[in-house]
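Have the model open beside you as you read.

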Amino acid sequence: MTKRPGRFLGYGRQFIDEADIAAVTEALKGDYLTQGPLVTRFEQALKDRFDAPFATVCNSGTAALHLAAMAMDLKPGDVVIVPAMTFAATANAVRYTGADVVFADCDPDNGLMTLKHAQDAAARVPEGKTLRAVFCVHMNGQCTDMAALYAWCQNRNLFLLEDACHAIGTAYADGAPVGSCRHSDFAAFSFHPVKTIAMGEGGAVMTRHEDMAKKMSMLVTHGITKIPGDFARQEMADAPWYHEMQRLGYNYRASDINCALG
């Protein structure tokens, strides 16, 4: 007798209901398919839900990590600690800037990098390199002791980013929502279909720093802003059509269609 194969248990699958379909349909009927009001509305919803000062929506969790890395001004010669238990994007976002990665061990029982693991990794930073940041990863909704890790980073003048792509809707030990940046400088989310919130492809960076938020809002759209820089002639800056490229950015925008679903 031939044995019939069982049903394959997939890694994850999105759940789409009629309200989701109606929201996307409404977006398709609107005046904007991208760079419209639904992007701003989604960013505000994220800030309200996670009690975060600033949010920048983008087109993937990888873009979110890269935006944060660029906001930190990471560059060749810099080093970032990244836990070995994570997806490739966490380390790749560092390498996109030319900075180097030092991998940290993780707790074999939960896959999390602890403060001790970060400290051990810091001791392995190559001579002549500068440790600039720690990218911790919340694995399967679990969080390490963020308060202790952030205190250590602050004492060493390091940025701390939470790769929270696995932790949308969870909380720190003190009850504050992940994404509030209560114990970090940045928190990156993914809205890929296997994540808690699905918008096709999408991501967001939450931060506690206004200057970093402004920088990322430019970087997400080619580094272009309507706010004149120091070198703008006043007669040009007063024009309603004036745009200025101040940084080398990327097209990391999320569309209104995706944000309607988000």
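The largest pocket has a volume of about 750 Å³. A pocket here is an open set of points on a 1 Å grid over the protein atoms alone, where a 1.4 Å probe fits, with protein on both sides within 12 Å along at least five of seven lines. Its volume is the space filled by probe spheres set on the points, which are joined across faces, edges and corners. This is a predicted model, in which local features need pLDDT of at least 70 and side-chain atom pairs pLDDT 80 or more, while totals for chains, interfaces and linings use all residues. Residues are numbered from 1 along each chain as its sequence is written, and side-chain values use heavy atoms, without hydrogens and water.

Which residues lie nearest the centre of the largest pocket? They are Ser217, Met218, Val220, Thr221 and Ile224, out of 24 lining residues, where lining means having an atom within 4 Å of a point. Two or more residues each come from helix H2 (37-50), strand S1 (54-58), helix H7 (210-219) and strand S8 (224-225); helices (H or I, at least four residues) and strands (E, at least two) are DSSP runs, numbered from the N terminus. H7 gives the largest share, 5 residues. The lining holds 7 nonpolar, 10 polar and 7 charged residues, with Ala, Val, Leu, Ile, Met, Phe, Trp, Tyr, Cys and Pro counted as nonpolar, Asp, Glu, Lys and Arg as charged, and the others, Gly among them, as polar.

Now turn to the second largest pocket, with a volume of about 370 Å³. Of its 21 lining residues, Phe87, Ala89, Cys165, His166 and Lys195 lie nearest the centre. Helix H3 (61-71) and helix H4 (88-96) each supply at least two, and H3 has the largest share with 3 residues. This lining comprises 8 nonpolar, 10 polar and 3 charged residues.
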